[in-house]
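The following account is meant to be read beside the coordinates. Please keep the sequence and the model in view while reading.

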Amino acid sequence: MKIFIMTDLEGVAGVLNREDYVLFDSRYYEDSKELLTMEVNAAIEGFFAAGATEILVADGHGSGAIVPILLDTRVELVRGFPAPWPFELDESFDAIAWIGQHAKASTPYAHIAHTGSQHVIDCTINGVSVGEFGQLAMCAAFLGVSPIFGSGDEAFTKEAKELVTGIETVSVKGGLGPGTG
């Protein structure tokens, strides 16, 4: 089974805010990158244990957030900014998963929510409001690739379950404010 893993940084456990953890010049950015890479490695271990034979990891965080030297050596990594969307996802993959994902822009109780940039309020496809997850999930569906798993903030896990029937999700943190993400 061939698995595509899309990663992002904002939904990782321990990444607390944009200013200190998410930007390439943030004081804890290197720590955030290690946390993401550890979460991705845990998912890789689980997918191989469940029968995966090939895994491609896409670093979806703008300036890059995977630490290549710490990444499981059994996988391939694609990265670059701007990355060639959809990050080499094609019909040869059996399934797709998201690690470290955040909710779409304007989502109440979300943690570091946005869609592509901090300047987007909403994005819709055929009248359905989607974020980064929804955009790639729809692309995967078009290619016949099954969305099977997502981890990130609690608001993202709810968003994923509303868009994709049967997807398994794990919440690693949650937003506390009722505002608009």
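The paragraphs below treat the sheet, its helices, the salt bridges and the cysteines in turn.

The model is predicted, so local features are reported only at pLDDT of at least 70 and side-chain atom pairs only at pLDDT 80 or more, whereas totals for chains, interfaces and linings use all residues. Residues are numbered from 1 along each chain as its sequence is written, and side-chain values use heavy atoms, with hydrogens and water left out.

Helices and strands are taken as DSSP runs numbered from the N terminus, a helix being H or I over at least four residues and a strand being E over at least two. Two strands are said to pair if DSSP finds at least two bridges between them. In this model an open sheet is built from six strands with parallel pairing, in the order β3-β2-β1-β4-β7-β8. Its edges are β3 (76-78) and β8 (168-173), each of which pairs on one side only. From one strand to the next, the twist averages 15°; angles here run from 0 to 180 degrees between N-to-C directions, and axes are lines fitted to C-alpha atoms, for helices over the stretch in contact.

Within this order, β1 can be followed through both of its pairings. Strand β1 (residues 2-7) runs parallel to β4 (residues 95-101), to which five bridges join it. With β2, β1 pairs in the parallel sense over six bridges. Residue F4 illustrates both contacts of the strand: its bridge partner in β4 is I96, and in β2 it stands opposite L56. Residue M6, in turn, stands opposite W98 in β4.

How enclosed is β1 by the rest of the structure? Burial is defined by relative accessible area, with buried meaning under 20%, exposed over 50% and partly exposed in between (1.4 Å probe, protein chains only). Six of the six residues of β1 are buried, so the strand is largely enclosed by the rest of the structure. The burial extends to both faces: K2, F4 and M6 lie on one side, and I3, I5 and T7 on the other. Helix α3 (residues 132-143) lies across β1 and β4 and runs at about 170° to β4.

Helix α2 (residues 29-49) comprises 21 residues. From its first C-alpha to its last it reaches 30 Å, close to the 30 Å expected at 1.5 Å a residue; the expected span is 1.5 Å times one less than the number of residues. Its buried residues include Y29, L36, V40, I44, F47 and F48. The elements covering the buried residues of α2 include β1, α1 (18-21), β2 (54-59), β4, β7 (146-153) and β8, where contact means heavy atoms within 4.5 Å. Helix α2 is followed by G51, whose phi is positive, near 115°.

The charged side chains come next. Side chains of opposite charge can pair when their charged atoms come close. A salt bridge is counted when a side-chain nitrogen of Lys or Arg is within 4 Å of a carboxyl oxygen of Asp or Glu; the structure holds seven of them. E30 is partly exposed at a relative accessible area of 47%, whereas K33 is buried at 14%.

Another salt bridge joins R74 and E45 at 3.1 Å, N to O. R74 belongs to the loop between β2 and β3 and E45 to helix α2, so this pair ties together parts that are 29 residues apart in sequence. R74 is partly exposed at 43% relative accessibility, as is E45 at 45%. A network of salt bridges links E45, D72 and R74. R79 and D59 also meet in a salt bridge, at 3.4 Å, N to O. That pair links distant parts of the chain, 20 residues apart, with R79 in the loop between β3 and β4 and D59 in strand β2. Here R79 is partly exposed at 34%, while D59 is buried at 2%.

Finally, a disulfide requires a pair of cysteine sulfur atoms within 2.5 Å, and by this rule the count comes to zero. C123 is in no disulfide, the nearest cysteine sulfur being that of C139, 13 Å away. That separation is too far for a bond. C123 is partly exposed at 21% relative accessibility, and C139 is buried at 16%.
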